[in-house]
Amino acid sequence: MIRSLKLLEAAIFLLVSILPSVLFAQSVGQAVGVSQNAFLNRDGREGYLEPGGDVLLGDVITTGNSGQVQIVFKDGTKIAISQNSSLVIERVLFDSSNTASEFTVNAVGGAFRFFSGDSSPSSYSIRTSNATMGIRGTAFDFAASTRGQVRVATFDGEVELCNQAGQCVAIPDGCTTAGIDSSGQFIVPENEEERAVFLEAGFPYVRNQSWLRQDFRTDVRSCGAGGSSGVDGRDEGRAPSPEPPAPDPTNPATGGARAGGESSAGSGGATAGDTDAGRGGPGAPGDAEAAGGEASAGGPGGASAGGGGASAGK
């Protein structure tokens with residue numbers, strides 16, 4: 001009898017020990033689009049992310065200068081990861097109906113597109129080093145730098161962007177934009193000109209959606225997207241021009257020039273001193289400060305949105 005109890009205890013201990021790792025290893029989504037240098041860190045092991053590969057809890061997905069990744073999760077949530085970007089699948093819990101009770105990812109740095117799926121808006125949380133984003137039935141692009149800057153452009157629904165002090169700003173649809181600088185202050189472009197400058201840094205998919213599958217594209221005409229990207233952010237009957245390399249978000253030394261007295265116009269943190277706006281590449285906003293006072297995205301930098309519920313301007 002005693003031996004039977006000991007065997008039962010051992011079996012229970014073994015089950016409790018392996019159950020978390022089994023749950024942790026469950027697939028939460030699939031990499032439906034992978035181009036060129038995209039990497040996967042799983043349980044400390046580095047490797048290439050393969051097209052069609054499963055995405056698991058705890059995975060760290062990183063792209064290089066020419067990497068692109070598109071992920072579809074079980075509830076239909078879609079995330080596109082642009083060049084020189086890194087995303088951690090932090091905590092995504094699905095029930096038997098494939099809706100998430102919790103959906104948390106950590107954008108370490110880079111540029112991203114996000115479409116919410118069939119889960120409740122309250123389940124979603126997108127974290128960066130300096131901010132948290134909540135959503136309300138949303139399609140939006142965002143960029144994050146390793147030094148804490150965050151920029152958001154909402155196309156559909158609404159994003160609530162909060163700093164570490166618990167202050168929040170609501171960013172509604174229609175390509176409304178807002179951000180947070182490295183000190184935690186809100187940046188809210190006040191007119192079309194300021195918004196245009198704001199969008200030049202860190203929003204590669206506003207400029208060109210041809211890298212994306214059709215179901216990862218959205219109408220960006222409200223952003224004033226045009227030129228080589230066409231009115232809806234897609235090339236009109238032409239092959240896409242390759243994007244220039246973006247600064248590595250994991251390496252502050254290559255993250256872009258700091259906008260000392262110059263206004264920042266290039267993406268990826270390149271300043272207006274570079275003749276070609278956007279020459280810095282389509283990655284994160286780099287290390288250039290995204291605040292007007294420190295000469296960057298044209299917003300009234302340092303203007304705090306006060307308490308939660310303040311609304312960003314278009």
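Modeller: A disulfide is a pair of cysteine sulfur atoms within 2.5 Å. Searching the whole structure for such pairs gives 2 disulfides. Residues are numbered from 1 along each chain as its sequence is written, and side-chain values use heavy atoms, with hydrogens and water left out.

Let's begin with Cys162 and Cys168, which are joined by a disulfide with an S to S distance of 2.0 Å. The torsion about this S-S bond is about 105 degrees, so the disulfide of Cys162 and Cys168 is right-handed. Cys162 counts as buried (under 20% relative accessible area, with exposed meaning over 50% and partly exposed in between, using a 1.4 Å probe and protein chains only), because its relative accessibility is 12%. Cys168 is buried too, at 8%.

Now turn to Cys175 and Cys223, a disulfide whose sulfur atoms lie 1.9 Å apart. Here the S-S torsion is about 105 degrees, so this disulfide of Cys175 and Cys223 is right-handed. Cys175 sits in the loop between strand E13 (168-172) and strand E14 (176-180), while Cys223 sits in the loop between helix H3 (204-207) and strand E16 (310-311), so the pair ties together parts that are 48 residues apart in sequence. Those labels come from DSSP runs, numbered from the N terminus: helices are H or I runs of at least four residues, and strands are E runs of at least two. Both Cys175 and Cys223 are buried. If you number the bonded cysteines of the chain in sequence order, the pairing reads 1-2, 3-4.

What do these pairs sit within? The chain has 3 helices and 16 strands, and buried residues make up 50% of its 314 residues. A nonpolar core is a set of buried Ala, Val, Leu, Ile, Met, Phe, Trp, Tyr and Cys residues joined through side-chain atoms within 4.5 Å. The largest nonpolar core has 41 residues, and Phe103 and Leu161 have the most contacts inside it. Strand E9 (residues 100-115) gives the most to this core, with 6 residues. Apart from it lies another core of 10 residues, including Ile187, Phe198, Phe203 and Val220. In soluble globular proteins, nonpolar side chains tend to be buried together.

How far can you trust the picture? The predictor's confidence in each residue, from 0 to 100, is called pLDDT. Its average over the chain is 75, and 63% of the residues score at least 70. Over residues 14-23 the pLDDT is below 50, and this stretch has 1 contact beyond near neighbours in sequence, where contact means heavy atoms within 4.5 Å. Over residues 226-309 the pLDDT also stays under 50, although the model has 229 contacts beyond four places in sequence for them. Where pLDDT is low, the predicted coordinates should not be read in detail.

Notes:
Predicted model: local features only at pLDDT ≥ 70, side-chain atom pairs only at ≥ 80, totals over all residues.
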